[in-house]
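Me: I would like to go through this structure by asking what each label rests on. Set each value against its definition, then conclude.

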Amino acid sequence: MYAIIENGSKQYTVKVGDVVKFEKLNAEVGANVEFNVLLVSGENGIKVGQEVEGLKVVGKVLAHDKAKKIIIYKYKAKKGERRKHGHRQPFTAVEISEFVGL
């Protein structure tokens, strides 16, 4: 059984026990967070729309961290213009614990 959830205008496919990296959430480590369900697929087939209105996915916040650094390098030929810049995107690791309402 899996579900498609929405968070921050992005969609994620999750199952119970998965650890998913979301964009940084305002939640303490160890707190439970709920996500809206867009689609559920299970033994009874696929449910979507009004069939999943009351469903929630609950997860536990494991950690706040930063992703691996990516390097952005800009260069313009014959102008002497060079720029090297790095970025580490913050994320929140969440373990999916249960589907509520099934």
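Reply: A residue is called buried if its relative accessible area is under 20%, exposed if it is over 50%, and partly exposed in between, with a 1.4 Å probe and protein chains only. By that rule, 26% of the 102 residues of the chain count as buried. The model is a predicted one, in which local features need pLDDT of at least 70 and side-chain atom pairs pLDDT 80 or more, while totals for chains, interfaces and linings use all residues. Residues are numbered from 1 along each chain as its sequence is written, and side-chain values use heavy atoms, without hydrogens and water.

Me: How many helices and strands does the chain have?

Reply: Helices (H or I, at least four residues) and strands (E, at least two) are DSSP runs, numbered from the N terminus. The chain has 0 helices and 9 strands. From the N terminus, the order of elements is therefore β-β-β-β-β-β-β-β-β.

Me: Why is the chain said to be more spread out than a compact globule?

Reply: The radius of gyration, taken over C-alpha atoms, is set against a globule rule of 2.2 Å times the number of residues to the power 0.38. For 102 residues the rule gives 13 Å; the chain has 19 Å, well over that value, so it is more spread out than a compact globule. Along the principal axes, the C-alpha atoms fill a box of roughly 65 × 30 × 20 Å.

Me: What makes Tyr-12 and Phe-22 an aromatic pair, and of which kind?

Reply: A pair of aromatic rings is described by the distance of the centres and the angle of the planes. Rings of Phe, Tyr and Trp (its six-membered ring) pair if their centres lie within 6.5 Å; planes under 30 degrees apart are stacked, over 60 edge-to-face, and the rest tilted. The count by this rule is 2 aromatic pairs. One of them is Tyr-12 with Phe-22, at 4.7 Å centre to centre and 75° between the planes. Since 75° is over 60, the pair is edge-to-face. It links distant parts of the chain, with Tyr-12 in strand β2 (residues 10–14) and Phe-22 in strand β3 (residues 19–23), 10 residues apart. Both Tyr-12 and Phe-22 are buried.

Me: Why is the pair of Phe-22 and Phe-35 called stacked?

Reply: The ring centres of Phe-22 and Phe-35 are 4.7 Å apart and the planes are at 25°, under the 30 degree cut-off, so the pair is stacked. Phe-22 is in strand β3 and Phe-35 in strand β4 (residues 32–42), so the pair ties together parts 13 residues apart in sequence. Tyr-12, Phe-22 and Phe-35 form one aromatic cluster.

Me: How do you know whether Phe-22 and Phe-35 are buried or exposed?

Reply: Phe-22 has 1% relative accessibility, so it is buried. Phe-35, with a relative accessible area of 4%, is buried as well.

Me: What puts Asn-7 in the buried class, and which residues does Asn-7 touch?

Reply: Asn-7, in strand β1 (residues 2–7), has 17% relative accessibility, which is under 20%, so it counts as buried. Contact means heavy atoms within 4.5 Å. Apart from residues up to four places away in sequence, Asn-7 touches Tyr-12, Phe-22, Leu-25 and Phe-35.

Me: Why does Phe-91 count as buried, and which residues is Phe-91 in contact with?

Reply: Phe-91 is found in strand β9 (residues 90–100). Its relative accessibility is 13%, so it falls in the buried class. Leaving aside neighbours within four places in sequence, its contacts include Lys-21, Phe-22, His-64 and Asp-65. The C-alpha atoms of Phe-91 and Lys-21 are separated by 6.1 Å, although these residues are 70 apart along the chain.

Me: What makes Ile-46 exposed?

Reply: The relative accessible area of Ile-46 is 57%, which is over 50%, so the residue is exposed. Ile-46 lies in strand β5 (residues 45–48) and touches, among others, Leu-39 and Glu-51. Ile-46 and Gly-30 are 16 residues apart in sequence and 31 Å apart in space, C-alpha to C-alpha.

Me: Where does Ser-9 lie, and why is Ser-9 called exposed?

Reply: Ser-9 lies in the loop between β1 and β2. Its relative accessible area is 70%, so it is exposed. Phi of Ser-9 is near 60°, a positive value in a residue other than glycine.

Me: Why does Lys-78 count as exposed?

Reply: Lys-78 has 83% relative accessibility, so it is exposed. It lies in the loop between β7 (70–76) and β8 (81–87), and its phi is near 65°, a positive value in a residue other than glycine.
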